[in-house]
Amino acid sequence: MTDDPKGTTHWSAGPLPQAPEPEMGGSAAGSFPAGPAPTGSSPSGSSPSGSSVPLREGFSERPEERSQRALASSEIARSATLDSQVTIADPMPGFVLPADEARGGPLHTLAAALYATTRMEPGAVAEQMNQLGIRSLGFVCLVLGFVGGILVYQAGIQALRIVPDTSTIGPAYIEILVRDLAASLTALMLATRVGAGIAAEIGSMKVTDQLDALRLSSADPVVHLVAPRLVASVLVTPLLTILGGAVALLTGTLTGLWVFDISLHTFLDARYVDAADLCAGLLKSVAFGLAIPVMSAHAGLYTSGGSQGVGNATTRAVVGSSLAVIVLGFVIGALVEVLAGGAG
Amino acid sequence: MEFVGGIAVVLLQALRATLRRSLDVEQLREGLIRLGLHSLPVVFGTALFVGGIMVIQSAPLMTRYGAHSLLGWGAGFGILREIGPILTGLMISGRVGSNNTAELGTLQVTEQINGLRALAIDPADYLVAPRVLSILVTTVVGTLLSMAVALVGAALTGQALLGVHPITFWNGLTGGMLSWGDVAHGMVKAFVFGLVIAGTSTAYGLRAKGGAPGVGRAVNESVVLSAVAIFVTDALISFASRGN
């Protein structure tokens, strides 16, 4: 207790010489001065706000000297060979600091996640593909199977109202399945299931300060949590779309066969499907695969306020992902329609 | 079975509280505003784009047959009978249902529902019935309004993309092949979806256990099961109604 004021007066009164500074920077304790360095948040690390030395005698120094010294110390930090210092002196444009989370929308998260894909751990993507893909398979197939049956049933009834001809139902159904339906419905289901899962997981890590714990272990949450989910989702969504489309085709064909007596040969006729349809479908599924984890991870990373906040984040994730799917579907559909219409 | 039973218990509790007029009116009013009124922008935004998507996707069929006068019928049929109720249901399940589960789950894991019982307040009157009624009303009214918005979106896209005049669209819509029966069909679906969403989200919220992660799990399960139940009941209603 009595030593404490003594110690403080010693540090503030004694003008620190320049000499100890390089030692500080070069020694093992040098990881400490690098701690506050990235508050400048510039990628080059050229303007760190302070090191341990200005912290101690901060009031006795003029700003110019201070910045000069900070520059010098950052040079030292950069030339040092310690790994932790190199990473911190050159922060990625992501969420290294909690302060970085205060800015930016989903696009910021997208940029950070894309940048982080180069630093992912091997095996993380496979784990997430299992988590996001395999576990959603039954759900997606169930829903698309039911929708396939309903659509053919409703379309058949309406077609019979106008012309008693059921031969175009199959080709038209296959075309709309390829163009839009398989991709959009799969994505809407994934937005619900995967989106809610990602947001709940990352959000509860955030409110229990586990993200900060990751940062303390010099593990970037974006690299370890967001990027693997993003890559896995982009890889898995087209595959799930194809599988779900196949199931919808199967149930649709069976409905046609049993309810309207449409033969397999008449129903399974892909004459309306062209390259533009295939491109539109694939483009959509990739875009949806990108949008869903970004919207959900964004909602999760920006969670605040306890378990109530996790619930809100989940809501925002599901709504944001679903809206993104619908808006992207509209935009890509209109784009392909205009381009293909212009070409043909 | 547990799923169906949970929904049934919640819905019966809500029905009983409503019939006895013992439900908390203040909570009901707040629920209608918070769960209902505040979801309308999301529902409208979705509906507008969905109407556009319907037209974009039916464009090749329409141009192939030169059947522009049928555009209103095609879009109207799809929106009124299937897409309107399903998409409104999915959006409400995502926004309102998950919120409801999260709130009730938080109340449950923090023992606040037992706290209500200790104060001699019946959770069925105070929490369950107002929420179920709010979600039901929101789904039905939201579907009705979103149908109108989706038709406007379809008409606008039809004019921009295919050059179909809105009056042609309107004539196709009212040309006799669609009737109020189709609207009623959509509204029946909306009513059932409202019951499904309200029942599932409330039941799963009340059954949450295991702290904050348990709430997350409950939200996830409730949203997924609501979506599945929406599609399954939609198929059942469609097949049962035989096109009427």
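## About the model

The model is predicted, so local features need pLDDT of at least 70 and side-chain atom pairs count only at pLDDT 80 or more, while totals for chains, interfaces and linings use all residues. Residues are numbered from 1 along each chain as its sequence is written, chains are lettered from A in the order in which they are written, and side-chain values use heavy atoms, leaving out hydrogens and water.

## The interface

Chain A brings 48 residues to the contact and chain B brings 49 (heavy atoms within 4.5 Å). About 4,100 Å² is buried between the two chains, 74% of it from carbon and sulfur atoms (accessible area lost to a 1.4 Å probe on putting the parts together, summed over both). On the chain B side, Phe49(B), Gln57(B) and Phe231(B) lose the most area to chain A, together 15% of what that side buries.

What about salt bridges between the chains? Their count is zero (a salt bridge puts a side-chain nitrogen of Lys or Arg within 4 Å of a carboxyl oxygen of Asp or Glu).

## Who lines chain B's side

Helix 3 (40–65), helix 4 (71–109), helix 6 (123–162), helix 8 (180–206) and helix 9 (211–241) of chain B each give two or more residues to the side that touches chain A (helices are DSSP runs of H or I, at least four residues, numbered from the N terminus).

## A nonpolar patch

Leu32(B), Val137(B), Val141(B) and Leu145(B) make a nonpolar surface patch of about 280 Å² (residues with over 30% relative accessible area and no salt bridge, nonpolar side chains joined within 5 Å; areas by Shrake-Rupley with a 1.4 Å probe). Helix 6 of chain B gives the most to this patch, three residues, while Leu32(B) sits in helix 2 (residues 25–36).

Note on methods: Patches are made of residues with over 30% relative accessible area and no salt bridge: like charges are joined within 9 Å, nonpolar side chains (Val, Leu, Ile, Met, Phe, Trp, Tyr) within 5 Å.
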